[in-house]
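Subject: The structure I promised you

Hi! Here is the structure we talked about, sequence and all. Have a look at it first, then read my notes below.

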Amino acid sequence: MPLSASFVLRVPYGATDQMGVVYYANYLNWFEMGRTEFCRKYGMPYVNWEEKGVFMPVVEVRCRYKHPARYDDLIRIDSYLKEVKPYSLSFEFKVYRDSDDMFLAEGFTKHGFCDKRGKLLKKPKPFYDKLICLLQQ
């Protein structure tokens with residue numbers, strides 16, 4: 001069973017376009033929130049990464065839209081740790097309308113490990129080892 005974290009949010013009016021449909025770029029914000037919840041759930045809040053000088057910029061992103069989310073929908077974002085490599089990690093996301101479990105979108109993000117100046121870091125401690133242990137469970 002893949003490692004995952006989920007959270008639910010209500011779509012605010014400001015997240016929608018004139019048709020009442022969630023503006024496409026908001027899904028990327030929700031993916032970020034999902035990554036944050038994932039790290040928190042597994043004892044690695046992102047703030048701790050930055051305190052240790054480790055940053056994770058997005059280097060690749062994809063989102064495929066299946067059905068629209070609309071104003072006031074309760075939606076659930078499920079985040080999964082997909083892959084950990086020495087210089088990067090990847091997450092997958094699935095977005096559902098919570099009331100009827102309608103599958104709305106799926107996505108992927110890949111992140112590099114780097115310092116504050118943007119220099120790549122290899123296997124940043126202590127996070128890399130913890131991620132590898134989580135994947136092996």
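This is a predicted model: local features need pLDDT of at least 70, side-chain atom pairs count only at pLDDT 80 or more; totals for chains, interfaces and linings use all residues.

Let's start with a word you'll need: a residue is buried if its relative accessible area is under 20%, exposed if over 50%, and partly exposed in between, using a 1.4 Å probe and protein chains only. By that rule, 41% of the 137 residues in the protein chain are buried.

Residues are numbered from 1 along each chain as its sequence is written, and side-chain values use heavy atoms, with hydrogens and water left out.

**The overall layout**

The protein chain has three helices and five strands; these are DSSP runs numbered from the N terminus (helices are H or I with at least four residues, strands are E with at least two). Starting at the N terminus, the order is β-α-α-β-β-β-β-α. The radius of gyration is 16 Å, close to the 14 Å from the globule rule for 137 residues, so the protein chain is as compact as a globular protein of that length. (That radius is taken over C-alpha atoms, and the rule is 2.2 Å times the number of residues to the power 0.38.) Along the principal axes, the C-alpha atoms fill a box of roughly 45 × 35 × 20 Å.

Contacts here mean heavy atoms within 4.5 Å. Of the contacts between residues at least 6 apart in sequence, 67% join residues at least 24 apart.

**The core**

A nonpolar core is a set of buried Ala, Val, Leu, Ile, Met, Phe, Trp, Tyr and Cys residues joined through side-chain atoms within 4.5 Å. The largest one has 33 residues, and Trp-49 and Ile-75 touch the most other members. Two or more residues each come from β1 (4-10), α1, β3, β4, β5 (102-112) and α3. Which element gives the largest share of this core? That is α1, with five residues. Leaving aside residues up to four places away in sequence, Ile-75 touches several others, including Phe-7, Trp-30, Val-95 and Leu-104.

**The aromatic pairs**

I searched the whole structure and found eleven aromatic pairs. Rings of Phe, Tyr and Trp (its six-membered ring) pair if their centres lie within 6.5 Å; planes under 30 degrees apart are stacked, over 60 edge-to-face, and the rest tilted. Tyr-27 and Tyr-65 are edge-to-face, because their planes are at 75°, with the centres 5.1 Å apart. Tyr-27 sits in helix α1 (residues 26-41) and Tyr-65 in strand β2 (residues 58-65), so the pair ties together parts 38 residues apart in sequence. Buried or partly exposed? Tyr-27 is buried at 2%, whereas Tyr-65 is partly exposed at 39%.

Phe-38 and Phe-91 are edge-to-face too, at 5.3 Å centre to centre and 75° between the planes. This pair links helix α1 with strand β4 (residues 88-97), 53 residues apart. Phe-38 is buried at 0%, and Phe-91 is buried at 1%. Ring pairs also join Phe-31, Phe-38, Tyr-42, Phe-91 and Phe-93 into a cluster.

**One side of a helix**

In helix α3 (residues 127-136), the residues Phe-127, Tyr-128, Leu-131 and Leu-134 are buried. They cover an arc of only 125° around the axis (from the directions from the helix axis to the C-beta atoms), which puts them on the same side of α3. Their cover includes α2 (46-51), β3 (74-85) and β4.
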